[in-house]
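Hi,

Here is the model we talked about, with the sequence alongside.

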Amino acid sequence: MKAKKLGFISLGCSKNLVDTEMMVGILQNAGYELTNDLSEAHVIIVNTCTFIDPAKQESIETVLEIANYKKTGKCERLAAAGCLTQQYKEALAKEIPEIDIFIGTDSWKNILKAVQKSYEKENEKIYEFNCTPCASEELIPRKLTTPSYMSYIKISEGCNKGCTFCYIPFVRGPMRSRTISSILSEVRNLAKQGVREFNLIAQDLSCYGQDLRDGTSLILLLKQLVKIPEVKWIRLFYLYPTNFTDELLDLISKERKICKYIDIPLQHISDNVLKRMNRKDTSESILKLLNKIRNNIPYITIRTTLMVGFPGETESDFEDLCEFIKKIKFDNMGAFKFSPQEGTAAALMQNQISEDVKEKRYDKLMSIQAGISEENNELLIGKEAEVLIEDIIKDGEKLIAKGRTSFQAPDVDGNTYIYNFGDACPGDFIKTKIIDGYSYDLIAERID
């Protein structure tokens, strides 16, 4: 019998993408043929997101769009997975009857069983939820969907923070760390396949290992990862300020394989707002940490994420936030507007902010940051930087290489463009000198 074809769409964060790659790998290993043409796919997986309202809406619209392939394409089975499915499985089953399979956030490892059961029970919806977390992710036949030279490595799942605005602990559960041996095994395997850039991800990297209660920590993990010869870059995503230790800062400073890049989600600087968010930091502790990082690693890149329009955020609170980013001059910054998530404490708080005010505050904050980013990038002119080539594109009649430095993260930051890239190909690392800087991107020239 001819192999059935598999298609997928992964929405939301990079943690979701890893789950998607696991599901695709499991089905591919069972004989399914991966296709990029969804109209040709017999089985389609949509891995959904529920973090904020726009993410929910995108997930719903995507599932509805994919459901059309049951009429216009070859789709026989549609599977909805991820956070939105975990949160709203009953509503999704009622509103989108085209969905055949529902996969919870901890149940991705059962995707093959769910698909097989769906074919066996022709008119029955299949639900896979409340499974125990996967204890041996390194043994899953993961199919990378990222370029062959880079990968995301999820070192833990879930979160214990309890921020009042976030639904993630409800859909992902409490924090559960993988063992160091499991992570090392996965990284070694991917390194043998040609991966050179490893982006470590979790809801909070800095808390990694605490739940294992055996001394496991991010520092111990990093000290082992840097020993793997093929590893070129290690980038750390989502280091919350509360558990950011001096020992970790020292290791980042001294170890050449660890990118001098820190993604530290702060959300706000006003003590009033931080307290209502149930964040454990204060404006004083945040400023002290940021100054310590900059003083110890002068050329480090600091990225943060901020929120505007949280319930009770006054004009004074917002102005404090604006002055904060002007003072710190973050190299990169993301922002989003608060949206009340069903089941969270913040959704029930008084003094909700109007959408119009949220929009104005968001626009102002991002406008300020655009100027800061351009100023920071202009200061890089004349500096040398190693660049990972990702693509060769056309700029008019000329070919130009598009890549990233170690201080430009995939998917969220800008790019570096090089005209005299020579014979460099995607996946190559080349030495460059930066010759121009803009709000998000850099221009560089190759040097010997």
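First, a term that comes up throughout: a residue is called buried under 20% relative accessible area, exposed over 50%, and partly exposed in between (1.4 Å probe, protein chains only). Keep in mind that this is a predicted model, where local features need pLDDT of at least 70 and side-chain atom pairs count only at pLDDT 80 or more, while totals for chains, interfaces and linings use all residues. Residues are numbered from 1 along each chain as its sequence is written, and side-chain values use heavy atoms, with hydrogens and water left out.

Two loop residues to start with. Asn351 is exposed, with a relative accessible area of 54%. Asn351 has a positive phi of about 60° although it is not a glycine, and its place is in the loop between β14 (332–337) and α13 (355–378). Helix and strand labels are DSSP runs numbered from the N terminus: helices are H or I with at least four residues, strands are E with at least two. Arg213 also has a positive phi, near 55°, and is not a glycine either. You'll find Arg213 in the loop between β10 and α8, where it counts as exposed at 77% relative accessibility. As background, most residues other than glycine have a negative phi.

Next, β10 itself. What sits on each face? Glu197, Asn199 and Ile201 are on one side, with Phe198 and Leu200 on the other, and both faces are covered.

β10 has parallel partners, and strands count as paired if DSSP finds at least two bridges between them. Strand β7 (residues 150–154) is joined to β10 by 5 bridges, and Tyr152 stands opposite Asn199. Strand β11 (residues 233–236) is joined to β10 by 4 bridges, with Trp233 as the bridge partner of Glu197. Between β10 and β11 the chain crosses through helix α8 (residues 218–225), and this β-α-β crossover is right-handed (with the strands pointing away from the viewer, the path from the first strand over the helix to the second runs clockwise).

Now the aromatics. There are 10 aromatic pairs in the structure; rings of Phe, Tyr and Trp (its six-membered ring) pair if their centres lie within 6.5 Å, and planes under 30 degrees apart count as stacked, over 60 as edge-to-face and the rest as tilted. Tyr152 and Phe237 make a tilted pair, 6.4 Å centre to centre with 50° between the planes. This pair links distant parts of the chain, 85 residues apart: Tyr152 is in β7, and Phe237 is in the loop between β11 and α9 (246–254). Tyr152 is buried at 3% relative accessible area, and Phe237 is buried at 2%. A stacked pair is formed by Tyr167 and Phe170, at 4.9 Å centre to centre and 25° between the planes. Here Tyr167 counts as buried at 16%, whereas Phe170 is exposed at 52%.

Tyr152 and Phe237 also belong to one aromatic cluster with Tyr238 and Tyr261. The charged end of Arg235 sits over the ring of Tyr261, 5.3 Å from its centre (the cut-off is NZ of Lys or CZ of Arg within 6 Å of the ring centre and within 35 degrees of the ring normal). Lys232 lies over the face of Phe429, at 5.1 Å from the ring centre.

There is also an open sheet of 6 strands, with parallel pairing and the order β2-β1-β3-β4-β5-β6. β2 (33–34) and β6 are at the edges, each with a single partner strand, so one side of each has no neighbour in the sheet. Within the sheet, 6 bridges join β3 to β4, and Ile45 stands opposite Ala79 in β4.

Finally, an antiparallel part. Strands β15 (residues 384–395) and β16 (residues 398–405) are joined by 8 bridges, with Ile392 opposite Ala401. They form a hairpin with 2 residues between them, and Gly396 in the turn has a positive phi of about 70°. β16 also pairs with β17 (residues 416–418) in the antiparallel sense, over 3 bridges, and Lys402 stands opposite Tyr417 there.

Cheers
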